[in-house]
Amino acid sequence: MGVLKMNTCSRKSNKITLNVSDKPKPILGANQTNIPVGGSVILTCSVRESEGWEYYWYRDKKDSELVNIPDGVSHSRAETRGGLYWCRGGRGSPVYYTQYSDPISMNKIVDRRAAVILQHKWSQVFRGETITLRCEIQGGEDTEWDYEWSTTNSYQPPKQAEYRISYVDVINNGEYKCKGRLKGDQYSSTEWSDAFKFTVSNKPKPILGADQTNIPVGGSVILTCSVRESEGWEYYWYRDKKDSELVNIPDGVSHSRAETRGGLYWCRGGRGSPVYYTQYSDPIRVTTTVSRPAKQQAMSSSFLVGLCVGLVVVFLVIILLILLLHCRKSKDPHGDRSIQLQDTNQGSATDQSVNQREAPDNDEYIPLQHDGADVNET
């Protein structure tokens with residue numbers, strides 16, 4: 001009896017290609033990094049081009065145990081607490097873990113408001129001034145906060161409440177923001193303040209004016225000094241020399257003053273600590289009207305009165321003489337003829353008198369005769 005032998009064999013399976021890669025590193029993302037007051041942020045964790053992962057979340061220390069995150073194995077989660085976050089994926093049994101993701105810092109916004117304040121609240125800043133910017137937090141004390149600054153220029157202020165610039169220049173132009181971070185909780189802060197912007201201008205020159213430049217006797221002039229389009233100035237007055245010390249003017253720092261003394265005047269403004277001075281103004285010359293002594297004034301007045309009275313008297317006498325002459329002519333129409341006849345008679349009498357006085361002289365030249373004979377013959 002023969003034996004039948006049968007050969008059995010299975011079919012080959014399909015090939016499976018297995019590519020072994022390095023341990024993956026998940027990507028951690030967030031829709032925003034600041035947690036608003038009363039709000040939250042959404043964190044997402046994913047391992048690209050692979051599947052089957054569960055995700056584990058960590059806060060503050062990436063190698064710590066999972067920190068009380070109930071849905072710690074989800075792909076994404078809402079978070080209301082500030083802190084430093086990581087995630088990683090895990091799959092299989094035993095669980096195979098990915099690397100830790102790169103961290104994301106989540107900042108929780110507190111219900112306080114920050115503001116940048118210029119110490120003197122000037123609307124305009126000038127080259128060379130000393131200014132102080134201050135970060136003020138509503139309802140907070142300086143000891144509660146650490147401060148951060150952000151600027152649009154190349155200067156980064158220190159992490160302090162005040163930022164002092166001892167010599168401000170055009171390079172300091174720009175916008176300044178600040179915020180406060182709670183001490184002891186580096187992941188809780190205020191929002192950034194609104195931007196404070198200032199522009200540095202050249203040193204100003206004040207305008208000096210006067211209501212008049214001639215001081216009347218017993219009066220005064222009003223001088224005014226002003227720096228346009230800016231505030232906070234005290235004003236300093238100088239007389240006769242602009243680079244001299246302030247010349248005995250008690251209210252030397254006022255905006256305007258009454259002056260009773262003549263001279264050449266300047267002014268300039270100053271503000272801040274240490275005091276920042278403007279340029280000197282253009283000068284104004286004030287003159288004084290000199291009064292004469294009382295005795296001289298009285299003599300002058302008497303002289304003028306006497307002169308006026310004398311002129312009036314002379315004028316009246318002339319008028320009276322003219323009137324009298326006119327009246328005389330009206331009453332004696334032959335007056336001119338009588339006067340003429342009198343003048344003629346007086347002239348004839350005068351001629352006769354002259355002839356009588358001259359007659360003896362004429363006789364000396366007449367030859368004497370006696371009985372018809374010549375005297376010489378005798």
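An open sheet of 3 strands, with antiparallel pairing, takes the order β9-β11-β13 in this predicted model. Its edge strands are β9 and β13, each of which pairs on one side only. From one strand to the next, the twist averages 15°. The protein chain has a mean pLDDT of 80, and 76% of its residues reach 70 or more. In residues 337-378, however, the pLDDT is below 50, and this stretch has 4 contacts in the model beyond near neighbours in sequence. Where pLDDT is low, the predicted coordinates should not be read in detail.

- Strands β11 and β13 run antiparallel and are joined by 4 bridges.
- L133 has Y163, in β13, as its bridge partner.
- L133 also belongs to the largest nonpolar core, where L133, W149 and F198 touch the most other members.

**The nonpolar cores**

- The largest nonpolar core has 22 residues.
- The elements that give two or more residues to this core are β9 (114-118), β11 (131-137), β12 (145-151), β13 (162-165), β14 (174-182) and β16 (196-198).
- Among these elements, β11 gives the most to the core, with 4 residues.
- In soluble globular proteins, nonpolar side chains tend to be buried together.

**The sheet β1-β3-β5**

- Another open sheet is formed by 3 strands in the order β1-β3-β5, and its pairing is antiparallel.
- The edge strands of this sheet are β1 (27-30) and β5 (76-79), each pairing on one side only.
- Neighbouring strands of the sheet are turned against each other by 20° on average, with direction ignored.
- Strand β3 (residues 41-46) is joined to β5 by 4 bridges, and the two run antiparallel.
- Within this pairing, L43 stands opposite R77 in β5.

**R77 in strand β5**

- R77 lies in strand β5 and has a relative accessible area of 7%.
- R77 counts as buried because this value is under the 20% cut-off.
- Through its side chain, R77 makes a polar contact with the side chain of E79, at 2.9 Å.

- D169 is placed in the loop between β13 and β14.
- With a relative accessible area of 22%, D169 is partly exposed.
- Not counting residues up to four places away in sequence, D169 touches R127 and V200.
- The contact with R127 includes a polar one: the side chains of D169 and R127 make a polar contact at 3.0 Å.
- D169 and G128 are 41 residues apart in sequence, while their C-alpha atoms are 6.5 Å apart in space.

**Cis peptide bonds**

- Most residues other than glycine have a negative phi, and most peptide bonds are trans.
- S93 and P94 are joined by a cis peptide bond, with omega about 0°.
- P94 is in the loop between β6 (83-91) and β7 (96-97).
- A cis peptide bond also runs from S273 to P274, where omega is near 0°.
- P274 is located in the loop between β23 (263-271) and β24 (276-277).

**Residues with a positive phi**

- D60 is not a glycine, yet its phi is positive, at about 80°.
- D60 is found in the loop between β4 (54-59) and β5, and it is partly exposed, with a relative accessible area of 41%.
- D240, likewise a residue other than glycine, has a positive phi near 75°.
- The loop between β21 (234-239) and β22 (256-259) holds D240, which counts as partly exposed at 48% relative accessibility.

Conventions: Residues are numbered from 1 along each chain as its sequence is written. Side-chain values use heavy atoms; hydrogens and water are left out. pLDDT is the predictor's confidence in each residue, from 0 to 100. Contact means heavy atoms within 4.5 Å. Two strands pair if DSSP finds at least two bridges between them. Axes are lines fitted to C-alpha atoms, for helices over the stretch in contact, and angles run from 0 to 180 degrees between N-to-C directions. Buried means under 20% relative accessible area, exposed over 50%, partly exposed in between (1.4 Å probe, protein chains only). A polar contact is a pair of N or O atoms within 3.5 Å; within protein, one must be able to donate a hydrogen and the other to accept it, and residues adjacent in sequence count only if both atoms are side-chain atoms. A nonpolar core is a set of buried Ala, Val, Leu, Ile, Met, Phe, Trp, Tyr and Cys residues joined through side-chain atoms within 4.5 Å.
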